[in-house]
Every structure is written in structure tokens, then in C-alpha cells.
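Biologist: Please take me through one part of this model in detail. I would like its layout, what packs on it, and a few residues followed one by one.

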Amino acid sequence: MSQVDQCRLEALAGRLGALLGNQQLKLVTAESCTGGWVAQCLTAIAGSSAWFDRGFVTYSNEAKQEMLGVPPDMLAEHGAVSQPVAVAMAEGALRNSRADWAVAITGIAGPTGGSPPKPVGTVCFAWGGRDGRIVTSTRHFPGSREDVRAQSVEHALSGLIERMDQSTGEVVA
């Protein structure tokens, strides 16, 4: 990984775990292009069973539909790499877990699969809580497949830390 290393990702996961643990909250992940890398970073933290509920790796459209309830017509209309699908993934992850917070990631890591409107490196995110508020983001990450995936994991973890900080007013160094 040229731009993001595993130690940095696990440090972010540790910060997130501290936030979740301090508030006695649980997290669920719904991952596509990252293939469970966010969940791997979270479970690398000792004691993560106190705040990490489960992770869904829904790489195929069928898995997104079956495991998370993403509507087939949404996939047909917007494509798997879209903010509406990321939102549906986050909502489905919350619905199918005991978690308080969810993060969903769907993107095109490459080296193939891109198109002019959605080039390789396009990744859509959704962060949501039980209060029903969901925040989305679409990013275009440069680099190799591994670079795109690592930057996606970093953005997912950082985004959730930011959302939790905003909801509590707490600042975690």
C-alpha cells in the first residue's frame, strides 16, 4: 500500500472502537469492493467483540439483494456503485443486526470495470445510525486496486469517527 498502510487503518479502527465502547454502541459493516477489509481492521483490535456486531460482505448484486434487501430495481436504475445503493446497504445492515451504527461501501476498485460516468476508483459510502439519518459520500481514489481499496477503508473509518464525534460533541485524539 503506497498511500495508506495497515497500521494506520488499525489505528483508526482503534479510535473508532474507543468511541463505540465509551458509548456502549455497536457497529455493523456492509462492504462490497473492500471485501471485508473494514471488518478485518475492526476485529484486529482486542476487545472488539464489545462493539463490533457483524459484517456483511456483499460483493455481488445478488448478495446485496439477499443479505441486505437492496431492491433489484434500484440496482438496475442506479447501478451497484451509487449513493442510493450505499444507503440501502447501510439500512439493510442495520435492519439485519443489533448495531447502532452502520457503514456501507460499494465501488470500482479496478483495474477494470470502470466507465466514463463511473471510472475506476469511484467509491460510494453511507454512514447511518438507528436514528434514521444517513450521510453519503462519493469519492474518486487514485492508484492501484489495492490503493483504491485501502483509501476506501480509511475513508469509511474516518467518516464514521467524524459522524460519531458530531453526534456526541466528543473529540477523540
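Modeller: First, a term: a polar contact here is a pair of N or O atoms within 3.5 Å; within protein, one must be able to donate a hydrogen and the other to accept it, and residues adjacent in sequence count only if both atoms are side-chain atoms. Note too that the model is predicted.

Take the sheet as the part to examine. It is open, with 5 strands in the order β2-β1-β3-β4-β5 and mixed pairing. Its edges are β2 (52–57) and β5 (134–140), each of which pairs on one side only. On average, neighbouring strands are turned by 10 degrees against each other, direction ignored.

Strand β1 (residues 27–31) runs parallel to β2, and 5 bridges join the two. Within that pair, V28 faces R54 of β2.

Now the helix packed on the sheet. Helix α5 (residues 83–95) touches β1, β2, β3 (101–107), β4 (122–129) and β5. Its direction makes about 145 degrees with that of β3.

Next, α3 (residues 61–68). Its buried residues include A63, K64 and L68. Down the helix axis they fall within an arc of 105 degrees, so they line one face of α3. What does that buried set pack against? Its partners are strands β1, β2 and β3, together with helices α4 (72–78) and α5. After α3 comes G69, with a positive phi near 75 degrees.

Is S137 buried or exposed? Its relative accessibility is 15%, so S137 counts as buried; the cut-off is under 20%. Its side chain makes a polar contact with the side chain of H155, at 3.2 Å. Beyond four places in sequence, S137 is in contact with Q83, V123, C124, F125, W127 and H155.

Then R163, in helix α6 (residues 145–168). At 14% relative accessibility, R163 counts as buried as well. Its side chain reaches the backbone oxygen of G159 at 2.7 Å. Setting aside residues up to four places away in sequence, R163 touches W101, W127 and V135.

Helix α1 (residues 6–22) has 17 residues. From first C-alpha to last it reaches 24 Å, close to the 24 Å expected at 1.5 Å a residue. Its buried residues are L9, L12, A13, L16, G17, L19 and L20. These cover an arc of only 160 degrees around the axis, which puts them on the same side of α1. The spacing has a plain reason: an α-helix has 3.6 residues a turn, so residues three or four places apart point the same way. On the face turned away from the buried side, α1 carries the exposed residues C7 and N22. Q24 follows α1 and has a positive phi, near 55 degrees.

Q40 touches Q6 and E10, leaving out residues up to four places away in sequence. Q40 itself counts as partly exposed because its relative accessibility is 36%.

Definitions and conventions. Residues numbered from 1 in each chain as written. Predicted model: local features only at pLDDT ≥ 70, side-chain atom pairs only at ≥ 80, totals over all residues. Heavy atoms only, no water. Pairing = 2+ DSSP bridges. Helix = DSSP H or I, 4+ residues; strand = E, 2+ residues; numbered from the N terminus. Axes fitted to C-alpha atoms, helices over the stretch in contact; angles between N-to-C directions. Contact = heavy atoms within 4.5 Å. Buried < 20%, exposed > 50% of the residue type's maximum accessible area, 1.4 Å probe, protein only. Arc of directions from axis to C-beta. Expected span 1.5 Å × (residues − 1).
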